[in-house]
Amino acid sequence: MIEPVRRPSTPARLSSSSDRTFEWVILLLAAVIVLVFVLSIYQLGRESWPALSRIGVEFFTQRTWNPVSGQYGAAAMIAGTLITSLVALVISVPLAIASALFVSEYAPKWLADPVGYLIELLAAVPSVVYGLWALFVIAPVLARWQTTFFSPEYPERLALYTKCAALWADNHTTLQCFFVPNSGAGRGLALAVIILTVMILPYTASVARDVIRLVPAEQREAMYALGATKWEVISRAILPYARAGIMGGVILALGRALGETLAVAMVIGDSQDVIRSIWGNASTMASVIANQFGDAQELLHRSSVVTLGLTLFFLSVVVNYVARLIIARLTPKGIQ
Amino acid sequence: MGVSTLTASRRVGLSPARRARNMFMGGLILLATLIVVAPLILIFAYLLREGLGAMNLDFFTKVPAPEGETGGGLLNAILGSLEMLAMASVIGVGVGVAGGIFLAEYPRHPLMPSIRMISDVLAGIPAIVMGLVAYGLIVLRFGFSGLAGALALGFLMIPIVVRTSEEVLKLVPQTVREAGLALGLPKWLVTLKIVLPAAAGGIITGVMLALARVAGEAAPLLFTAFGNNLVNADPTKPMSALPLEIYRGATSAYDENQRMAKAGALLLILLIFATSLLARRFGRRK
């Protein structure tokens, strides 16, 4: 009778128990990620509870934010956040896609790499540095432009401004007044939009570039073989194919824009009034947190500011989740 | 004769309208790319012109002069930034690399999809919100401190490190793991002694990119580290950082503070560019 082969069982058992320990250690450390997420919700939720319970839904619909009288309605800054982000998005998306096309389709390799790298560096510039540059360089230009607008050579413009100022004082706005300059310092909604546009450009651009590279070469070659020009190849074979992925990058950039803080806080002028003119002062949720949280002494004020943080938190969770979903769906199976 | 038929046929294939449209769109794309790259060059040139003059020995060896006086430097901010980044790395690298190992080496674990999703979502949370969280966790109990700032920065580092280390670990060929297992090594030894060293270059790249990213954050430090005009090595006391001094200086009315802010911005941007350049070099060699 043949003896059954005896496998060395001790090392195997030893390794399996040590493997289990290792797995637990790694799992525990990875669970810290979940912990950070849960702690964030708990912390923000607990601190915003006084405001949420006292003010309720009106926190989001009322537009008077006045710490002196104890009124906290965030509608104006929610609008400020959405307006600055969406307008910046609309301006930056075509520019970003064009630069991605340049890097992937037009430029020779010796030029494509440095340009692609410069665009990446654009994302590495800190928010405060953008803010500093906007404050010292662009704001004076905008201010000069606005003073020119009011120069005595154009009395009819001054008349228009006076009319609009009366309307504003009366809490009315008209579309015509929306474009009338009204700030001497150059700070305000327009500058915030300009700087946000620059800041979110690289996010859309890098996602767009990656997606455009995923377009199969055969697709391009087939179009070229039919005699298409470069632009026809781009507009009919590349962009439609890359559409969904670019959309993911756009939404990712939107998430960035919503939460962008200091550059905007430095240049937007910090006014919690209703937005009356694109040149006027405004505020975003993030800029109000940056400007007011440090000084907020009263419980309700402090809690209201944290509620803005909580709102921003959920907004960015949703936006990022949607972006990842779109990008993940687009990634071909097997690449992950 | 042959040449003329060739040009004739090309003229048939590509009408002037299509040719013009092609040229026009190409021009627009070039123009847009110039517009995209211009701010970077303008910012860099501006900071070089304005900040270089203020970057003398004092800048690196002295603390800010009292409000309204000239002279002084940003030693407090430079040391504070380094100290907080070092502390943040402990959290960011420890949890981040472990998270990357978990996602890459245990892809069939039931918790894997949710941890990956939460890590992705965490990457998009605004830095200032993380500042509010760190404020509630630490500052409310123990007061403003470098530690609270480092915690916020560490939280911000985690998702970046997770993502890059997961990607690099997945690039290590499966056969390498199998070879290790075939030698009778337990899985944890294979992971620690074979897979991790093989991916080390990429992981270091990811950590450097994460550091470059959070080194420029001022928003979460506004009400955690708070800032300090003196050199401070005690992590339980308020601490300054380069981005904080840039923010204060840029919004200050004093010329001297603005000058310091511009020099600080130049230093910060140079450090960040150098780090990401190095990271890229390092990453590409692999």
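A cavity here is a set of points, on a 1 Å grid over the protein atoms alone, where a 1.4 Å probe fits but cannot get out. This is a predicted model, in which local features need pLDDT of at least 70 and side-chain atom pairs count only at pLDDT 80 or more, while totals for chains, interfaces and linings use all residues. Residues are numbered from 1 along each chain as its sequence is written, chains are lettered from A in the order in which they are written, and side-chain values use heavy atoms, with hydrogens and water left out.

View 1. The largest cavity has a volume of about 50 Å³, counted as the space filled by probe spheres set on the grid points, which are joined across faces, edges and corners. Its lining (residues with an atom within 4 Å of a point) includes S81(B), M84(B), L85(B) and P243(B). Helices α4 (75-105) and α9 (187-215) of chain B each give two or more residues, and α4(B) provides the largest share, three residues. Helices are DSSP runs of H or I, at least four residues long, numbered from the N terminus. By class, the lining has eight nonpolar residues, one polar and one charged; Ala, Val, Leu, Ile, Met, Phe, Trp, Tyr, Cys and Pro count as nonpolar, Asp, Glu, Lys and Arg as charged, and the others, Gly among them, as polar.

**View 2. The second largest pocket.** A pocket is an open set of points with protein on both sides within 12 Å along at least five of seven lines. This one holds about 390 Å³ of space. Of its 18 lining residues, E67(B), N229(B), E245(B), R248(B) and N257(B) sit closest to the centre. Two or more lining residues come from each of α10 (242-250) and α11 (255-285) of chain B.

**View 3. The disulfide in chain A.** C164(A) and C177(A) are joined S to S at 2.0 Å; a disulfide is a pair of cysteine sulfur atoms within 2.5 Å. The torsion about their S-S bond is about -90°, so the disulfide is left-handed. C164(A) lies in helix α6 (residues 155-169) and C177(A) in helix α7 (residues 175-178), both of chain A, so the pair ties together parts 13 residues apart in sequence.

**View 4. Helices α3 and α8 of chain A.** The axes of α3 (residues 75-106) and α8 (residues 189-214) of chain A come within 6 Å and cross at roughly 40°. The contact brings together 20 nonpolar, seven polar and three charged residues.

Terms used
Axes are lines fitted to C-alpha atoms, for helices over the stretch in contact, and angles run from 0 to 180 degrees between N-to-C directions.
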